[in-house]
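Subject: Handover of a structure

Dear colleague,

Please find the structure below, with its sequence. My notes on what was found in it follow directly after.

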Amino acid sequence: MGHVRSQRHETDGSARMTTSARTLTLRSALAQLGVTGTTLTDDQAARLDSDGYLFLVGLVGAERLVAMQDRIAELQAAEGAAAGHEGGRQQGAAMLADLVNKGEIFESTFTEPPVLAAAHRVVGDLRVNSLNFRAALPGEGHQPLHADWGGPVPEGGFRICNSMWLLDDFTPENGATRVVPGSHRWDRVPADVLDDPTAAHPDEQLLLGPAGTVVIFNAHLWHGGTRNTTDTPRRGMTLSYCRRDEPQQLDQQAYVRKSVYDRLSPAARFVLDV
Ligand SMILES: O=C(O)CCC(=O)C(=O)O
């Protein structure tokens, strides 16, 4: 559901490509961005492998969080009914897409060392897939359990790693994401094996935590939004990476704005693949 294969290619004519990012390898880009062999602890790596998700509590500090929330609010006001047009829209949710190009505050997300290290562990040779926003609206937001990939994938062949950036506290009431721990290793997708993917799963867990938490999850893990029973939207950003030989949800080369490109380091451009 989060993985939208149909892409609308549009460009403002500012996309540029130089050789600087092209001469890097992922290994050198990750090193330049501060990812080392110990960026994830052994315990974190083991939990990501086994459960399929990993909490990074407090990754986004208070000031940065407020700046992200404020920019999201500005974008929602500015884009109105067009919001989310680049990346798919959903019933019961407010969406924004292409955040890479919609605020300097978002440009540091996809090079966060622990997020990169985790995504690299899951998919290997990676690039950014998309950076989007989803708010479960009051009374709505429940999704079927799904993987962000259309079919079963055996362990070791993972194509996508996602991360949820909590812009609000995720609570049992406000539509927190649910996951089925370990399901990324089952080589099955919910639609093929569950009678009713919208129903509660006996093993599901809610991703609960304070705003500013980032939860990295293997996107082959069965997951989905839940219904927001409060009267305020539950806001979260999803930063997804795909294997470098897979099409991106949003073609970053086609969308990148010159001002963004110019600010990014060669290593960040490599991760975005622009
Ligand atoms: O916003 C959420 O809680 C999950 C969203 C999701 O999994 C999706 O849209 O595919």
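Val179 has Gln205 in strand S6 as its bridge partner. This contact belongs to the antiparallel pairing of strand S5 (residues 178-179) with S6, which two bridges hold together. Two strands are said to pair if DSSP finds at least two bridges between them. Strands (E, at least two residues) and helices (H or I, at least four residues) are DSSP runs, numbered from the N terminus.

S5 and S6 belong to an open sheet of three strands, in the order S6-S5-S8 and with antiparallel pairing. Its edge strands are S6 (205-206) and S8 (223-224), each of which pairs on one side only.

Please note that this is a predicted model, in which local features need pLDDT of at least 70 and side-chain atom pairs count only at pLDDT 80 or more, while totals for chains, interfaces and linings use all residues. Residues are numbered from 1 along each chain as its sequence is written.

Is S4 mostly covered or exposed? Seven of its seven residues are buried, where buried is defined as 20 or more other C-beta atoms within 10 Å of the residue's own, exposed as 12 or fewer, and partly exposed as in between, with C-beta atoms placed from the backbone. One side of S4 carries Ile160, Asn162, Met164 and Leu166, the other Cys161, Ser163 and Trp165, and both faces are covered.

Helix H5 (residues 113-123) is largely enclosed by the rest of the structure, because nine of its eleven residues are buried. The buried residues are Val115, Leu116, Ala117, Ala118, Ala119, His120, Arg121, Val122 and Val123. Just after H5 comes Gly124, with a positive phi of about 80°.

Finally, Leu194 is found in the loop between helix H6 (190-193) and S6. Leu194 counts as partly exposed because it has 16 C-beta neighbours inside 10 Å.

With kind regards
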